[in-house]
Amino acid sequence: MCVAEPTPFRTKCKINPNTVRIAKNNPFALSLSKVLVHPALRQAQGERGTNEQCGVITHYSPVIEQIGKRGKVMLVTPPDVLAAKILIVDDRESNVLLLKQMLSQAGYLHVASTMDPREVCGLHREHDYDLILLDLQMPGMDGFEVLEGLKAIEKNSYCSVLAITAAPNLRLRALWTGAMDFVSKPFDVVELKTRIHNILEVRLLYKKLENVNHDLEAMVQSRTAELRASEARFRSLTELASDWYWQQDARGAFTEVSGAAPEMRGMGLEGAANDSEREALAENVALRRPFVDFAYRRTNADGSNSFLEVSGEPTFDGSGHFTGYRGVGSDVTERTRVQLDARRFRLAADTMRDAILLFSRAGMNIIDVNDTACRMFGYTRNQLLMLDPADLGAGSRAELEQQFDRIIVGEFANDFHPFQLRRMNASTFPAEVQWRAQESYDGGTLVMVICDMSRRN
C-alpha cells in the first residue's frame, strides 16, 4: 500500500490529527484546529519567514466524533463519505474517464466532471461540491486561477481541493494558493483513494460542525427573543403602572374605568383638554400607535390647571383586527408645578448681578453655576463644571475642604468675606464671597455667592 509522503511547509502551527472532542459542558467551544489543514495553510501563507517546519497532514482519524450537542455523538461514517459530491476538472478526457472509473469502483455515488476550467466556479456555486479534483496545468485557464475563484466563493467556509500535477515545482504553490492536498502524476491509485477519503472526512466534519453552529445560533436567537419579549412585557407593565386604568373600544367609547374619578382625568369629556394636545393624542390613536406618558393640560372649573399623563397601547383580536385601546393615566400636577417653579427660579438666578456656584462637599467639585458666574470668570458652563474649586483662586484644595467643613457645622459666619479671585485669562479681581450650606444625600452642598467688587466700584 502506498502511503502519502508528507510535504514540508513553513508554519508556526503544528497540527494534531487527533479526534476532535467538544466538552459536554461547553458546546460553544467548537474547534477545528486539531484536524483542519486549510486554516493552517492560510496562517502559513503569512509566516513564510519562520524556520519551524511541519508536514501536511495526509491521514485523519477514521472516526471523528463530536460530543456536546444534546448528549449525542456525531460520526462521519463510510456511507457519508461515499455519498459526498465530487467534481473532476481535467482538460484530458482520458484522465477524466480514468478518475471516474476509479471513484465509481471505490463506491462513490455522486461524481461529476468538466474539461472546461471556466465552468468550475459556476458548477460549484450550483452544487456545492465536497471535493474538487483539480488539474493544475490546463489551457486557457490554469488550476491556480480556478483556486483563486473558488476562494472568492468560499470566503468563510472550508474549500476542499485536491490538486493533481505532473510538475513537482507546482505542488507547494498549489498548497499556498489554497489546495488542501496534492497528488503527483502518474498517481498511485491507493494513494489517491486515501487522500480523497481523508479530505472528505474533514470536509464532512466541517459541514456537520457548521450545522451544529447554526443550530446553536438559532437556539440563542430564540432564547434572546424570549428574553426580549419578557423584558418588553415587564417594561410595559412598569410604564403603564399609574393612577387609573382605562379601556376603549374601536369607536373610542370607554368600556372600563378604574381608579380616579372621571372628572379628574379629563378624558372623554367635552372640552376637558387643550385642543392641540387632544389633536396630538387623536393622531396617535388614528394611526394605531402606542403612546407612553402623553402629557396634556386640563383647565379646571375654578380656572386652575391640572397636568395629566396617559399611556396606552392598541389592542387587536386573534385575526389582527383593531379592537380599541387600553392604558393607564396619572395626575402629575404636583410634579409639573415643581418643575415649573424650578424653571422660574433658574431664570431668576441667571438674571442676578452676583455669581452663584454650587459645590459638592463629597467630590469637592462644582455641580452647577448661573449665567453670571460664566460671564464673571470667562468660562462656559461646561468648562466651569470641569474645574477644581481651587482654580478660581479661593484657596488651596486643603484650605477649601477645611472651610467647607466649618461652613457645614455652622462655624463660619454667613457674612461676605473678601477674596482675590482668578478669571480664565489669569487676571484677578477683588470679590466678596458669601457661603451657605445645604444638607444633601451626598454629604452637603455648598452655595457660593460672589460679588465682583471691581464692577461695584
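The model is predicted, so local features need pLDDT of at least 70 and side-chain atom pairs count only at pLDDT 80 or more, while totals for chains, interfaces and linings use all residues. Residues are numbered from 1 along each chain as its sequence is written, and side-chain values use heavy atoms, with hydrogens and water left out.

User: Which element of the chain has the highest mean pLDDT?
Analyst: pLDDT is the predictor's confidence in each residue, from 0 to 100. The chain averages 75, and 75% of the residues score at least 70. Among the elements, strand S1 (residues 8–10) has the lowest mean, 33, and the highest, 93, belongs to H11.

User: How many contacts beyond four places in sequence does the model have for residues 1–73?
Analyst: Contact means heavy atoms within 4.5 Å. Over residues 1–73 the pLDDT stays under 50. The number of such contacts in the model for this stretch is 160.

User: How many strands does the chain have?
Analyst: Helices (H or I, at least four residues) and strands (E, at least two) are DSSP runs, numbered from the N terminus. The chain has 14 helices, and its strands number 19.

User: What percentage of the residues in the chain is buried?
Analyst: Buried means under 20% relative accessible area, exposed over 50%, and partly exposed in between (1.4 Å probe, protein chains only). The chain has 457 residues, and the buried share of them is 40%.

User: Why is strand S5 largely enclosed by the rest of the structure?
Analyst: Strand S5 covers residues 85–89. It is largely enclosed because, of its five residues, the number buried is four.

User: Which residue in S6 stands opposite Leu-87?
Analyst: Two strands pair if DSSP finds at least two bridges between them. S5 and strand S6 (residues 110–114) run parallel and are joined by five bridges. The chain passes from S5 through helix H3 (residues 93–106) to S6 in a right-handed β-α-β crossover; right-handed applies if, with the strands pointing away from the viewer, the path from the first strand over the helix to the second runs clockwise. The residue opposite Leu-87 is Ala-112.

User: Which residue in S7 stands opposite Ile-86?
Analyst: S5 is also joined to strand S7 (residues 131–135), in parallel, by four bridges. Within S7, the residue opposite Ile-86 is Leu-131.

User: In S9, which residue is the bridge partner of Ala-163?
Analyst: Ala-163 points one way from S8 together with Val-161 and Thr-165, whereas Leu-162 and Ile-164 point the other way, and all are buried. S8 pairs with S9 in the parallel sense over four bridges. The bridge partner of Ala-163 is Phe-182.

User: Through which helix does the chain cross from S8 to S9?
Analyst: Strand S8 (residues 161–165) is mostly covered, with five of its five residues buried. From S8 the chain reaches S9 by a right-handed β-α-β crossover, and the helix on that path, residues 171–177, is H6.

User: Is Met-364 buried or exposed?
Analyst: Met-364 lies in the loop between strand S15 (355–360) and strand S16 (365–369). Although not a glycine, Met-364 has a positive phi of about 50 degrees. With a relative accessible area of 4%, Met-364 is buried.

User: What is the relative accessible area of Arg-288?
Analyst: Arg-288 is in the loop between helix H9 (275–286) and strand S12 (291–299). Its phi is positive, about 60 degrees, although Arg-288 is not a glycine. Arg-288 is partly exposed, and its relative accessible area is 36%.

User: What omega does the peptide bond from Lys-185 to Pro-186 have?
Analyst: Pro-186 lies in the loop between strand S9 (181–184) and helix H7 (189–240). The bond from Lys-185 to Pro-186 is cis, with omega near -10 degrees.
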